[in-house]
Amino acid sequence: MRIAILIVAYRGSRYLAECLEAIERSNLEDNEVEIFLVENGCPESCCQSIATQFPTLHIVSSESNRGFAGGNNLGWQTIRQQSRRFDFLMLLNQDTRVEPAAIAKAATYLCQNQHVGAVQSLLLLWPETELINTAGNQSHFLGFGFTTHDRESIDAAKLVNGEIGYASGAAVMLRCELIERTGLFEERMFMYLEDADLSWKMRLIGFPPHLCCDSVVFHEYRFHSRFEYLRYLEQNRWWLLLAYYKWQTLLLFFPAAFVMELGQLFFATIQGRLIDKLRGIGFLLSPTGITAVSSHRLRVQSSRQVSDAEMLRLAVGAIRSPHLSGFLVRRIASPFFTAYWFVVKRLLFW
């Protein structure tokens, strides 16, 4: 198999050498691998050092930070221009380290499961290598994304290969032929939930994402609790709802969405991020935002092969984030949305 590995670098000088060295130590069996690194507004000195250390690396330069979505799209454009075609594209965060068999195991999984569009590696924390970062992500029916088995012991968690809500963009392998059909990331999402958008696009055409537990990648993950990027979190979850759900589904979810919106306004206010929240929604209500979402909706709806009921089969109603564990969330919000989802998912027949 011919595999392209794509890494977007942003302020990543302390990560990149170890990330690339781990790839070079990989047991790639019969797979042919090339690595592409996008300098996403990196300092020139950092990139020159990496180029010297890894001479076979393909480096793609961007003068400005295009975000995770835009950086990967730029890299994908370069990969498509290569003289030979690739079978699979593996996306890796700059702060990851692959186990020696991780890349080959992911490729084998896709070869053996032709109905799977994307396969996520099991992400473990670094340096707490016995703890899970995510074993596949879950989608809330109102557009939020949650990791699964967060900080659980790998020995205690009962993990199996199979379908997941959506694949984390930190370590995921994709079929290049499907990316040609769906495109990679939606660039206006910039960061956060762009990986959910990608998995939703593939699920919509009948190629759901899976987890491969045998493909293990370590992730030096740090959660930033200040919610400085609330603008993108809110903008992008509404982007998902407005682009992917049928109108009757949006109407069915409207009461819950209204309650959630009030809760999010309250949350943004107490976090000192109300302006960020309003900026996110303001973009969606602007002429530019309306045009962008409408165009995206037209594209994804015209490619639809599955129903909303199938799209939402693995969605959840509970709020399952360890970073949102206050009394109001645990005792009021999460039980309310769990009960709402329990009822309305039985009404979805379209």
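At what angle do the axes of helix H8 and helix H9 cross, and within what distance do they come? Before the answer, the basis of the values: this is a predicted model, in which local features need pLDDT of at least 70 and side-chain atom pairs count only at pLDDT 80 or more, whereas totals for chains, interfaces and linings use all residues. Residues are numbered from 1 along each chain as its sequence is written, and side-chain values use heavy atoms, with hydrogens and water left out.

The axes of H8 (residues 247-270) and H9 (residues 274-285) cross at roughly 140 degrees and come within 7 Å; helices (H or I, at least four residues) and strands (E, at least two) are DSSP runs numbered from the N terminus, and axes are lines fitted to C-alpha atoms, for helices over the stretch in contact, with angles running from 0 to 180 degrees between N-to-C directions. H8 and H9 are therefore oblique to each other, given that angles under 35 degrees count as roughly parallel, over 145 as roughly antiparallel, 65 to 115 as roughly perpendicular and the rest as oblique. On the H8 side the contact (heavy atoms within 4.5 Å) is made by Glu261, Gln264, Leu265, Ala268 and Thr269, and on the H9 side by Leu274, Lys277, Leu278 and Ile281. These residues divide into five nonpolar, two polar and two charged, where Ala, Val, Leu, Ile, Met, Phe, Trp, Tyr, Cys and Pro count as nonpolar, Asp, Glu, Lys and Arg as charged, and the others, Gly among them, as polar.

Met260 also lies in H8, and at 6% relative accessibility Met260 counts as buried, a term that means under 20% relative accessible area, against over 50% for exposed and partly exposed in between (1.4 Å probe, protein chains only). Leaving aside neighbours within four places in sequence, Met260 is in contact with Leu142, Phe144, Arg237, Ile319 and Phe337.

Helix H10 (residues 287-302) has 16 residues, which at 1.5 Å a residue should span 22 Å, and its end C-alpha atoms are 22 Å apart, in agreement; the expected span is 1.5 Å times one less than the number of residues. Gly289, Ala292, Val293, His296, Arg297 and Val300 of H10 are buried. Seen down the axis of H10, these buried residues fall within an arc of 130 degrees, so they line one face of the helix, the arc being that of the directions from the helix axis to the C-beta atoms. The buried residues of H10 pack against helix H6 (194-204), helix H7 (230-244), H8 and H9, while Pro287, Thr291, Leu298 and Ser302, on the other side of H10, are exposed.

Helix H1 (residues 13-24) can be read in a similar way. In H1, the residues Tyr15, Leu16, Cys19, Leu20, Ala22 and Ile23 are buried. They cover an arc of only 155 degrees around the axis, which puts them on the same side of H1, and the face turned away from this buried side carries the exposed residues Ser13, Arg14 and Glu24.

Asn93 lies in strand E4 (residues 88-93) and counts as buried at 19% relative accessibility. Glu194, found in helix H6, is buried with a relative accessible area of 6%, and its contacts, under that sequence exclusion, are Phe68, Ala69, Phe185 and Met189.
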